[in-house]
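I opened a new structure today and kept notes as I went. Here is what I looked up, entry by entry.

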Amino acid sequence: MNPYRILGVPDYASEDEVRKAYRSLAFAYHPDRFAGTPQQHQAEKRMALINAAYAEIKARGFGGKSGGGAACGGYGPVEDYVRMGQIQRALEALEAMERRDGYWYFTAARCYQSRGWNMRAIRCMEQACAMEPDNREYRAKLTLMRLRERDAARLQAQRHRQDAGLADRLLRNLIYPKKR
């Protein structure tokens, strides 16, 4: 089983994110909290699974910024730019990368969306989902992006209808002024 899923973090999570998730789960499932209860055995099994997942992630290297190195595919600087709001630099760093995997398209979609380039962002998310069809996070993000785009299109159409109605009324008043 994927150790990142056991800890409830994405595959590209930073060392800090993994450590925070581990500590939270360790606190929640520590067998001492369930001492003398029927759940103690389950808590022990769960804690062993959590410990094994954390140890495996530490052995592999973390997916995010700290400790990532080659394991994170070189996305550390890109993530830093995104966090700092330097989207243009993040896009430039992405463009300089040779390998384009699902996470590349996911990150590009996040950058494009923050720029307001929603259709380009949706296309990148679709590519990320096509490359990693089992990634629930990518699917959820794509669904959310599509819903937002649909709502924005509906709002724009509604505003257009309102503007057209106002223009019609103004034109009518100019052509057929009301007598006083």
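I started with Glu 79, which counts as buried at 9% relative accessibility. My cut-offs: buried is under 20% relative accessible area, exposed is over 50%, and partly exposed is in between, with a 1.4 Å probe and protein chains only. I'm working with a predicted model, where local features need pLDDT of at least 70, side-chain atom pairs count only at pLDDT 80 or more, and totals for chains, interfaces and linings use all residues. Residues are numbered from 1 along each chain as its sequence is written, and side-chain values use heavy atoms, with hydrogens and water left out.

Which side chain does Glu 79 meet in a salt bridge? I found Arg 110, at 3.2 Å from N to O. This pair links distant parts of the chain, with Glu 79 in helix H4 (residues 76-84) and Arg 110 in helix H6 (residues 102-115), 31 residues apart. Arg 110 is partly exposed, with a relative accessible area of 21%. For helices I use DSSP runs (H or I, at least four residues; strands are E, at least two), numbered from the N terminus.

**Entry: other salt bridges**

Side chains of opposite charge can pair when their charged atoms come close. I count a salt bridge when a side-chain nitrogen of Lys or Arg is within 4 Å of a carboxyl oxygen of Asp or Glu. How many does a search of the whole structure find? It finds eight salt bridges.

I looked at Arg 19 next: its salt bridge is with Glu 15, and the closest N and O atoms are 2.6 Å apart. The two are separated by about one helical turn, because Arg 19 and Glu 15 are four residues apart in helix H2. Arg 19 is partly exposed, at 24% relative accessible area.

Then I checked Arg 100, whose side chain meets that of Glu 95 in a salt bridge (3.2 Å, N to O). Arg 100 is partly exposed at 33% relative accessibility, and Glu 95 is partly exposed too, with 44% relative accessible area. I also noted a network: salt bridges that share partners join Glu 15, Asp 16 and Arg 19.

**Entry: helix H2**

I checked the length of H2: at 1.5 Å a residue, its 15 residues should span 21 Å, and the end C-alpha atoms are 21 Å apart, which agrees. The expected span is 1.5 Å times one less than the number of residues.

Which residues of H2 are buried? I listed Val 18, Ala 21, Tyr 22, Leu 25 and Ala 26. Seen down the axis of H2, these fall within an arc of 130°, so they line one face of the helix. I take the arc from the directions from the helix axis to the C-beta atoms. The face turned away from the buried side of H2 carries the exposed residues Asp 16, Lys 20, Arg 23 and Phe 27. The buried residues of H2 pack against H1 and H3, where contact means heavy atoms within 4.5 Å.

I picked out Ala 26, in helix H2 (residues 15-29). Ala 26 is buried, with a relative accessible area of 13%. From C-alpha to C-alpha, Ala 26 and Met 47 are 6.6 Å apart in space, though 21 residues apart in sequence.

**Entry: helix H3**

I ran the length check on helix H3 (residues 40-60): its 21 residues should span 30 Å at 1.5 Å a residue, and its end C-alpha atoms are 30 Å apart, which agrees. The buried residues of H3 are Ala 43, Met 47, Ile 50, Ala 53, Tyr 54 and Ile 57. They cover an arc of only 125° around the axis, which puts them on the same side of H3. What is exposed on the other side of H3? There I found His 41, Lys 45 and Ala 59. The buried residues of H3 pack against helix H1 (3-7) and H2. Just after H3, I noted that Gly 61 takes a positive phi of about 105°.

**Entry: Asn 118**

I found Asn 118 in helix H7 (residues 118-131). Asn 118 is partly exposed, with a relative accessible area of 30%.
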